[in-house]
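Visitor: Could you take me through this structure? I would like to begin with its salt bridges.

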Amino acid sequence: VQQSQYPKREFRGAWIQAVNGQYLGMDRDETKRYLTTMLDNLKRANVNAIIFQVRVEGDALYRSNLEPWSRFLTGTQGKDPGWDPLEFMVAESHARGMELHAWINPYRARTKGTLRLSPAHQFSKHPERFIGYESQLFFNPSLQENRDWICKVVKDIVSRYDVDALHIDDYFYPYPVGGKEFNDEMWFKKDSRGIKDKGDWRRDNVNRLIYQMHKTVRETKPWVKFGVSPFGIYRNISSSPTGSDTKGLESYDALYADVLHWVNEGWVDYCIPQVYWEIGHSAADYEELVAWWAKHASNRPLYIGQDVNRTVKAKDGNQQARKYELQRAEESVLGSCFWDAASAANNVDGYRDFLENGYFRYPALMPEYGFIDNKAPKKLKGVKVVENGKVLAWLPAKKAFKKGMDAPYRYVVYGFAKGESIDTDNPANILTITDKQCYKLPAGIDGEYTFVVTVLDRMHNESRGVKCKLEK
């Protein structure tokens, strides 16, 4: 079923990474300016979710008593940068009406470029819990103490920061290099849990972590979502009759990530497969993969991960419009996410302009997560025009919840000129989505005007609207 050209609800995300060292060489003020400029540019295109990398290699881009400061901030692991990037990004994203998803890498403990680990790093304290592979270091996925540690970190982030989601990407067992084996044979022999095939045992190790992470997030703050962004190919048809018609590396067989199992068991709250290839790619065709994920992974909200640069620089020309048409043709695809945020924000080959003037022309509410909560919040107590017709203000219901799942989280203001029908299903009528209890009216609004204001709770359930008329 073809979706509306302008859906009222759609996930529009962007990944802001640290791992490539984009902050290195910047001081605190330069980094803040860099990030806020990116957010402002993404806001212009009505992006509504930022996925911000806060744990690259058993480290922290936030103030932590568990793990050392990331070297991707200062160049030296453990060195205090003098500010808290996660705290800053939560505030700045929320001020622009965007969700903030804290993105962590669970297993990776050292990237190739890291030469020195801090004494506060877990490897410095428990080297026996790690496995080296191709100049990198990984938390041994088979150890329960590592799963417990990772979940302790997750609980710490979710409990102390007002994040909207906890996010992990495609790094589980390491990407294989030249047929070299990941050396976990000793642990397989020691504790196979009765599983005969090592691949199945590795998948079970990852399954156990995913289940425990989801449980940790849900028990810490029930309204915080847990999302995953797996490699774009689950399995090729040559490996499984239900696989996609592709010929690339497989998430299931090479990284031991059984994503469909997590989706179908409800262990993740959304899934963003990284479908970074072009339409017509010989080994991994975008069109084939979007249709495959739409068919097989719709038990939880499904968004498509897009590679900005590969999309605009495809051999047969910019594929952005064609990709969005394919994606919106799938009823179960509820949004997309850009890799990487900077390329979209910087308008590479007009990427942001296309969204701003086309597909993302109007604001969008988040997709609903009814399996977490589907109860709409109470409508507002009242809405009125104040300050000589310049400001719209409102009050929450008397018995509105003060905190938790059902607390007022955002307010949606719809506007209708004289004679226009009141249609709150059309996002073209959204004037703003705000966390404030007032809205300064734009200069162009004069004469008779009707406003409708609704409440969104933490899961973006929407209340009934309350009307207010401006008469001049």
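Visitor: Which residue forms a salt bridge with Asp-80?
Guide: Please note that this is a predicted model. The partner of Asp-80 is Arg-63, with the closest N and O atoms 3.0 Å apart. Asp-80 lies in the loop between helix 2 and helix 3, and Arg-63 in the loop between strand 2 and helix 2, 17 residues apart.

Visitor: How many salt bridges are found in the whole structure?
Guide: The search finds 33. One of them joins the side chains of Arg-96 and Asp-40, at 2.8 Å from N to O. Arg-96 is in the loop between helix 3 and strand 3, while Asp-40 is in helix 1, so this pair ties together parts that are 56 residues apart in sequence.

Visitor: Is Arg-96 buried or exposed?
Guide: Arg-96 is buried, with a relative accessible area of 14%. Asp-40, by contrast, is partly exposed at 39%.

Visitor: What about Asp-184, which residue does it form a salt bridge with?
Guide: Asp-184 forms one with Lys-198, the closest N and O atoms being 3.3 Å apart. Asp-184 is buried, with a relative accessible area of 0%, and Lys-198 also counts as buried, at 17%. Both belong to one network of salt bridges with shared partners, which includes Glu-181 and Arg-202.

Visitor: Let us change topic. What is the strand order in the open sheet of three strands?
Guide: The order is 12-13-16, with antiparallel pairing. Strand 12 and strand 16 stand at the edges with a single partner strand each, so one side of each has no neighbour in the sheet.

Visitor: Which residue is the bridge partner of Leu-392 in strand 16?
Guide: That partner is Tyr-439. Three bridges join strand 13 to strand 16.

Terms used: Residues are numbered from 1 along each chain as its sequence is written. This is a predicted model: local features need pLDDT of at least 70, side-chain atom pairs count only at pLDDT 80 or more; totals for chains, interfaces and linings use all residues. Side-chain values use heavy atoms; hydrogens and water are left out. Two strands pair if DSSP finds at least two bridges between them. Helices (H or I, at least four residues) and strands (E, at least two) are DSSP runs, numbered from the N terminus. A salt bridge is a side-chain nitrogen of Lys or Arg within 4 Å of a carboxyl oxygen of Asp or Glu. Buried means under 20% relative accessible area, exposed over 50%, partly exposed in between (1.4 Å probe, protein chains only).
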